[in-house]
Amino acid sequence: MTPRRRTAITGIGMVTPVGNDARTTWTNLQAGRSGLATIGHFDASGFPVRIGAEVKNFDAAAVIGNPKLLKHSTRSHRFALAAAQEAFADAGIRPSASDGHRWGFCAGAGMMGVDYRELETVQKYCAPDGEFQPDGFLAENFPADPVAFCRSQTNSGLALLTRHFGIRGYATAVHTACASGGQALGTALKVMRRGHADFMLAGGFDSMLNPIGLSAFCLLGALSTDNDAPERASRPFDLTRNGFVLGEGAAFLVLENWDSARKRGANIYAELAGDGNSLSCYRITDSPPDGDGPIQAIRQALGDAGISPESVDYVNAHGTSTLMNDRSECAALRAVMGNHIGSMAVSSTKSCMGHLIAAAGAVEAAVCALAIRDGIAPVNANYTQPDPDCNVNIVREKSRPMKIRAALSNSLGFGGSNSSLVFRHPDEVDA
Amino acid sequence: MNSPRKIVITGLGAVCGAGRTVDEIFGAIVNGRSAIAPITQLDASRWPVRVAAECNVENKILVPDRKLHKSISRTDIFGIYAAESAIQQSGLSAHREMLDAAAEIQFDDRSGIFAGSGGGNYGCNYDFFQAMAAAKGDLKKFGGHFAESVNPMWLLRNLPNNVLCHVGIRHNFKGANACITNHCVGGAMAVAEAAAAIRACEADRAVAVGHDTPFEPETLFHYQWLGLMSPEMVRPFDRDRSGTVFGEGAASVMLETAEDAEARGGKIFGEFLGSGCATEATGVLDIRPDGDGLSRAIQLALADAGISPGAVGMIIAHGNGTHASDASEACAIRRVFGEKIPPVTGFKWACGHLIAASGILDLVFALTSLSQKIVPGIATLNLTDPEFAPFPVSKNPQQPRSDIALVLCRGFGGMNVALLVRANP
């Protein structure tokens, strides 16, 4: 058996509630600064939940420039374009006419494609009194907008990014709710390994911070209702946690073959070393209390990376700050890590930037790569009262400088899909 | 382990306007019966497009568990039904029953599920119309009252990954999984990814499923507006083709290693040989006239399978009946096969265009065609477009040139997927 192709992370781009680029995001996460606040980009004052983790001061026109791209992009597509642009610039390579067919694309894409204002237009014509009448579309003055239609397809983001950057190889979009971003990176890793691409742009983008998305999570009772204290509303693993805070954003990574990255002298953040992927088969919104499901994903990821539990120094937890999810994740970590559990740092950066849904796994993968590069485990903010059911070594109060040989990132989704990714320090790979 | 694992197909499932079993649908295809008919789910009397291949089988017949209906949508019903048909036909559930406890845990963890989901449809948002109408544009009011008229399960009902979740729960498929939301190629890519997971030893078996319900009024409206819809029928590769027609439903295949299938004595329908995927990077709607992306997808699939173009015995074309797609598809096929193109056919004239389920539905009937050694005719074909004639499509049945079929699938985003399968001797 020939040695497996290794995959290097050589470029990172992020647009998040704590920063509109990777550097700002990472600086703020290390400092434990919160990106959570009262929702500002639409009037949420009447909703049961009025707080969120918004991307702030994002000047799409300045960042993206091209008016045609702006017209063809939704809010989350714009985050994606900016993050991808940054990732390419950071990697120092991008697809060309001669190698575009060897570039692949894989993204966790959000489930919402229709802008609220567009929905209002349809409502005005087709349901003025609330009852849907399809013939409203046939009204002579119905403002048919083919561009809005193009923006709202399940693979609109894929179409926009592959076209703009000239990616002509394998391309896909995946959606397993909160596990989407992690599963997208796992898929990208596998496409690289099987030789179907030499480079991948992989990540995720989402924004459900709109009247429909916010309503949907309010109906499920999944969100923290701490409207008066947004900065402390997301407190993963804390005894008093009461739900997650809805966020938005995007992250993309540039992946390339380890050997060719070394040959061109690329800056390698980390190896994307292993992927684990399982289905809990339990309930649609809950993870099993004993960690069944996540356990298999974590084990597979470690096995896939060829490392033992003892070499994991840092875990970027899914840690949504919901009662059951955090408990289940800790149970899974304990089951897999055994005695190593106490010496392994765990934090959820959702404490600062909320839950980015389909983008969460991608953003947190980027955080793991940066944590490895800088030797810093970012703080789990708002952790003051330990929960005996979440007995793991939480990075509390401030970020922890430490050598990170390998990092693990978990993403556990509604519907029961679980994704675990393992990242390794370049020294460990080259040793 | 030096030689790659051989992957076989041991179960098939399909439901669409032409029927709810593989035999019933294939019977309609070989008898030249199209399921395209006047739309009944919507009063389309004033609409420029009044036809579709509707599947009007009741939910409770497809998925008897009525409690489940509350937390899923119609597309999920189709997906669950098709996936369960494939799983049931494979005999794997009965096989699992006979395992001891330890082997059963291992079996569950090594069973994967890959779905191509239509997802992201428009109609689900209409559940908010009552609240929006009452609020009259006042978001503050909307925020205070939406809960009075919207089902608390709204989000869960509309998750694109519901089929994964519920087929998983019902059959204990706890292994590798993905839900692909890539417009028309979702179902075809679900097969490719399921096979790749088995080949890479990440799973020992996996069910792949594609499902969609595309003909919502808003989708119909936009497709029609963009000139993609035919007012009457799908005529792939015909000079007078006028666009596509929507269908709805789902299709599924059960994949496992040949070793496992043979050891348990499972019936084998065919072998998965390879896949290829390429985008043309042309944005949502545009496609290249030269068939660049599709020809590259075919070349990648041939390389993945380790076979030459001459080994292909028949082609199930995407053939959606739109002018640009069919012309560029013919161009791509010619680029790869030169003057030695094997018989070509397609099934959208009979079943309509199932969007996310289209490629995997075609794969199911590619296998059925191979096993019956027939390339079914395209009943709606009158005159092959002289622009790319001679091109081996026919109104009448043709003979496959070998036991290998190439299935082509294309979608928005300039997406192209090619799959290769071989019939079981």
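This is a predicted model: local features need pLDDT of at least 70, side-chain atom pairs count only at pLDDT 80 or more; totals for chains, interfaces and linings use all residues.

Me: What makes strand S8 and S14 of chain A a pair, and in which sense do they run?

Reply: Two strands pair if DSSP finds at least two bridges between them. S8(A) (residues 270–279) and S14(A) have eight bridges and run antiparallel, so by that rule they pair. Residues are numbered from 1 along each chain as its sequence is written, and chains are lettered from A and ligands numbered from 1 in the order in which they are written.

Me: What joins strand S13 of chain A to S14(A)?

Reply: Seven bridges, in the antiparallel sense, join S13(A) (residues 406–412) to S14(A). Leu412(A) is the residue opposite Asn418(A) there. The two strands form a hairpin with four residues between them, and Gly415(A) in the turn has a positive phi of about 95°. Helices (H or I, at least four residues) and strands (E, at least two) are DSSP runs, numbered from the N terminus.

Me: Why is S14(A) called mostly covered?

Reply: A residue is buried if 20 or more other C-beta atoms lie within 10 Å of its own, exposed if 12 or fewer, and partly exposed in between, with C-beta atoms placed from the backbone. In S14(A) (residues 417–424), eight of its eight residues are buried. In a regular strand the side chains alternate between the two faces of the sheet. Here Ser417(A), Ser419(A), Leu421(A) and Phe423(A) point one way, Asn418(A), Ser420(A), Val422(A) and Arg424(A) the other, and all are buried.

Me: How do you know whether Arg33(A) is buried, exposed or partly exposed?

Reply: Arg33(A) has 16 other C-beta atoms within 10 Å, so it counts as partly exposed. Arg33(A) sits in the loop between helix H1 (22–31) and strand S2 (37–38) of chain A. Leaving aside neighbours within four places in sequence, Arg33(A) is in contact (C-beta atoms, placed from the backbone, within 7 Å) with Val18(A), Asn28(A) and Cys352(A).

Me: How many residues of chain B are in contact with chain A, and what kinds are they?

Reply: 74 residues of chain B are in contact with 73 residues of chain A. On that side of chain B, H8(B) gives the largest share, six residues. The side divides into 44 nonpolar, 22 polar and eight charged. Ala, Val, Leu, Ile, Met, Phe, Trp, Tyr, Cys and Pro count as nonpolar, Asp, Glu, Lys and Arg as charged, and the others, Gly among them, as polar.

Me: What are the domains of chain A, and where do their bounds come from?

Reply: The bounds come from an automatic or database domain assignment. Chain A has domain 1 (7–113 + 152–430) and domain 2 (116–150). Their centres, taken over C-alpha atoms, are 35 Å apart. Domain 1 of chain A puts eight residues into the contact and domain 2 of chain A five.

How values were computed
Two residues are in contact if their C-beta atoms, placed from the backbone, lie within 7 Å.
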